[in-house]
Amino acid sequence: MGLIALELEKRGISTITVTLLPETTQALGVPRSIYFPRKLGNPIGRPNRKEEQLDALKQCLDALVQAKKGEMITGKTTG
Amino acid sequence: MNDIPSSSKVAFGKRMMGKMARSRWVNGLMEKSPRFSRFYDRLHVKMSREWSGDIPWTPLNKPVSESRVALVSTGGVILKSHTPFDLNDAAGDCSYRIIPANSTPEEIVISHLFYDHSDAKMDLEVMFPLATLHRLQQEETIGSVAPRHVSFQGGISDPKRLVNETAPEAAGILVNDQVDLAILTPG
């Protein structure tokens, strides 16, 4: 996933990489990343929790704006 | 064993690894045990280090509320009309699929071995939040939803073709569509 982010960023698209494996993402190094402490398969939230999912995407957008180059932000989860 | 959509027969060993990765027991352990989660994370660190290098940087050049946003998934989402990913490819299938912005969850299935799909089957938004992205557009939080979104399957052990061919191709598609921002989500 990080390798794809690197290519997009090179081509002029600003990226935010959502990760559930923070050490792996940091070992590669990506422009911006956000780590949600959730289980594999559920990076954005729990099923049918629309507000939780919306909040997760808003956190991704905030990270896009605020993260410095190479920074990983830890996202907040409500469940 | 027939519940894994793959474009080729999946070998026994890989089916077993896939079953383990998707099992309630393993996923429960990963949820409850931070140590086990870190161990799983560290299994992938070595490969990541081999591919690490300079980090490119494209600063945002317009507000998010004016930006076109695309999703890029490595969770193996495909349309039912697509050829599934080849889950038996030892190096990992580096190809991608295009998911149109107006796709519905009923049109999408998951072609991936190594994560628990049960919540995604209930609600695809947990790993491919396309409807949520549309909601952000309706609320004017983002400027627009990209017309095309991209899906890879993440179980790639040899990413040479990804780096040299398929990721650049996918990037070209998003550039063509004047995408400003991309949110990359795993399975």
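Trainee: Against which helices of chain B do the buried residues of α2(B) pack?

Mentor: This is a predicted model, and the answers should be read accordingly. Helix α2 of chain B spans residues 24–32, and its buried residues are B:V26, B:N27, B:G28 and B:M30. The elements of chain B that these residues pack against are α1 (12–22) and α3 (34–43).

Trainee: Which element supplies the largest share of the largest nonpolar core?

Mentor: The largest nonpolar core has 38 residues, and A:C60, B:V77 and B:M127 are among those with the most contacts inside it. At least two residues each come from β1 (14–19) and α3 (50–66) of chain A, and likewise from several elements of chain B, including β1 (68–73), α6 (130–138) and β7 (181–185). The largest share, 7 residues, is supplied by α3(A).

Trainee: How many residues does the second, separate core have?

Mentor: Among its members are A:V30 as well as B:A70, B:C94 and B:V150. The number of residues in this second core is 26.

Trainee: How much area do chain A and chain B bury between them?

Mentor: The size of an interface is often given as the accessible area lost when the parts come together. Here, 53 residues of chain A are in contact with 59 residues of chain B. Carbon and sulfur atoms account for 69% of the buried area, which comes to about 4,900 Å².

Trainee: With which residue does A:E51 form a salt bridge?

Mentor: Between chain A and chain B there are 5 salt bridges, and 22 residue pairs are in polar contact. In the salt bridge of A:E51, the closest N and O atoms are 2.8 Å apart. The partner of A:E51 is B:R135.

Trainee: How many charged residues are on the side of chain A that touches chain B?

Mentor: On that side, α3(A) provides the largest share, 10 residues. By class, the side has 27 nonpolar and 12 polar residues, and the charged residues number 14.

Trainee: What is the relative accessible area of B:Q178?

Mentor: Most residues other than glycine have a negative phi. B:Q178, however, has a positive phi near 60°, and this residue lies in the loop between α7 (160–176) and β7 of chain B. Exposed means over 50% relative accessible area. B:Q178 is therefore classed as exposed, its relative accessible area being 60%.

Trainee: Where does A:N48 lie?

Mentor: A:N48 is not a glycine, yet its phi is positive, at about 60°. Its position is the loop between β2 (32–35) and α3 of chain A.

Definitions and conventions
Residues are numbered from 1 along each chain as its sequence is written. Chains are lettered from A and ligands numbered from 1 in the order in which they are written. This is a predicted model: local features need pLDDT of at least 70, side-chain atom pairs count only at pLDDT 80 or more; totals for chains, interfaces and linings use all residues. Side-chain values use heavy atoms; hydrogens and water are left out. Buried means under 20% relative accessible area, exposed over 50%, partly exposed in between (1.4 Å probe, protein chains only). Helices (H or I, at least four residues) and strands (E, at least two) are DSSP runs, numbered from the N terminus. Contact means heavy atoms within 4.5 Å. A nonpolar core is a set of buried Ala, Val, Leu, Ile, Met, Phe, Trp, Tyr and Cys residues joined through side-chain atoms within 4.5 Å. Buried area is the accessible area (1.4 Å probe) that two parts lose on being put together, summed over both. A salt bridge is a side-chain nitrogen of Lys or Arg within 4 Å of a carboxyl oxygen of Asp or Glu. A polar contact is a pair of N or O atoms within 3.5 Å; within protein, one must be able to donate a hydrogen and the other to accept it, and residues adjacent in sequence count only if both atoms are side-chain atoms. Ala, Val, Leu, Ile, Met, Phe, Trp, Tyr, Cys and Pro count as nonpolar, Asp, Glu, Lys and Arg as charged, and the others, Gly among them, as polar.
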